[in-house]
Amino acid sequence: MSDLTEVAGRYIAVWNESDEGKRAAAISDLFTADATYTDPLADVQGHDGIGAVIAGAREQFKGFEFKVLGEVDANHNIARFQWELVPAGGGENIVIGFDVVATDDAGKIKGVYGFLDKVPAGA
């Protein structure tokens, strides 16, 4: 079993990667080929689907970055953690979410199940 705190950190880093090529390589490295991503706004499978969701969020929230909020709680191959979206230059978060990540025995993410706890009005 991998260190799920490290997996969560790499996962958040993928969301923050601005270079599309580097982001695609990081997705390929971190996620299984058939990985799923499900949250209130998306339900996709595979590297391309996950990449499209991340690209869309990056486009919608230019100038913001994702950060793990608090500790990562993990058991077996499952981790849960809260995250926040904050202005890159610092300031109050505008979004808070809660993700559950399941990995395979090699430490690759095979499923992400996301929840949104705080969203901006009109989002």
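Guide: We'll take the sheet, then its strands, then the helices. Keep in mind that this is a predicted model.

Visitor: Fine. How many strands form the sheet, and in what order?

Guide: Six strands form it, in the order β2-β1-β6-β5-β4-β3. The sheet is open, and its pairing is mixed.

Visitor: Which are the edge strands?

Guide: β2 (42–45) and β3 (64–75). Each of them pairs on one side only.

Visitor: And what does the twist average?

Guide: From one strand to the next, 20° on average.

Visitor: Let's go to β5. Is it buried or exposed?

Guide: Strand β5 covers residues 95–103, and seven of its nine residues are buried. It is therefore largely enclosed by the rest of the structure.

Visitor: How many bridges join β5 to β6?

Guide: Eight, and the two strands run antiparallel. β6 spans residues 109–118.

Visitor: What sits between β5 and β6?

Guide: Five residues, in a hairpin. In the turn, G107 has a positive phi of about 90°.

Visitor: Now the other side. How do β4 and β5 pair?

Guide: In the antiparallel sense, over eight bridges. β4 is residues 78–87.

Visitor: Which residue in β5 is the bridge partner of L85?

Guide: V95. For A79, the partner in β5 is V101. And I78 stands opposite A102 in β5.

Visitor: What about β3 and β4? How many bridges there?

Guide: Nine, with the strands running antiparallel. L85 turns up again here, as the bridge partner in β4 of F66.

Visitor: How many residues lie between the strands in that hairpin?

Guide: Two. H76 in the hairpin of β3 and β4 takes a positive phi near 50°.

Visitor: What does R80 touch?

Guide: Leaving out residues up to four places away in sequence, R80 touches E71, V72, D73, F98, D99 and V100.

Visitor: How far apart are the C-alpha atoms of R80 and D99?

Guide: 5.6 Å, although the two residues are 19 apart along the chain.

Visitor: Switching to helices. At what angle do α1 and α2 pack?

Guide: About 155°, with their axes 10 Å apart. α1 is residues 4–16 and α2 is residues 20–30. The two are therefore roughly antiparallel to each other.

Visitor: Is that crossing left-handed or right-handed?

Guide: The crossing of α1 and α2 is left-handed.

Visitor: Which residues make the contact?

Guide: V7, R10, Y11 and V14 come from α1. From α2 there are R23, A26, I27, D29 and L30. By type, six of these contact residues are nonpolar, none is polar and three are charged.

Visitor: And α2 with α3? What's the packing angle there?

Guide: About 135°, again with the axes 10 Å apart. α3 runs over residues 46–60. α2 and α3 are therefore oblique to each other. Their crossing is right-handed.

Visitor: Which residues are in that contact?

Guide: On α2, R23, I27 and S28. On α3, H47, I50, G51, I54, A55 and R58. The contact of α2 with α3 divides into four nonpolar, three polar and two charged residues.

Visitor: Last topic. Which strands does α1 lie across?

Guide: β1 (31–39), β3, β4, β5 and β6. α1 runs at about 160° to β3.

Visitor: And which strands does α2 touch?

Guide: β1 and β6, as α2 packs on the sheet. The direction of α2 makes about 100° with that of β1.

Methods:
Residues numbered from 1 in each chain as written. Predicted model: local features only at pLDDT ≥ 70, side-chain atom pairs only at ≥ 80, totals over all residues. Heavy atoms only, no water. Axes fitted to C-alpha atoms, helices over the stretch in contact; angles between N-to-C directions. Helix = DSSP H or I, 4+ residues; strand = E, 2+ residues; numbered from the N terminus. Parallel < 35°, antiparallel > 145°, perpendicular 65-115°, else oblique. Left-handed = near helix turned anticlockwise from the far one by under 90°. Contact = heavy atoms within 4.5 Å. Nonpolar A, V, L, I, M, F, W, Y, C, P; charged D, E, K, R; others polar. Buried < 20%, exposed > 50% of the residue type's maximum accessible area, 1.4 Å probe, protein only. Pairing = 2+ DSSP bridges.
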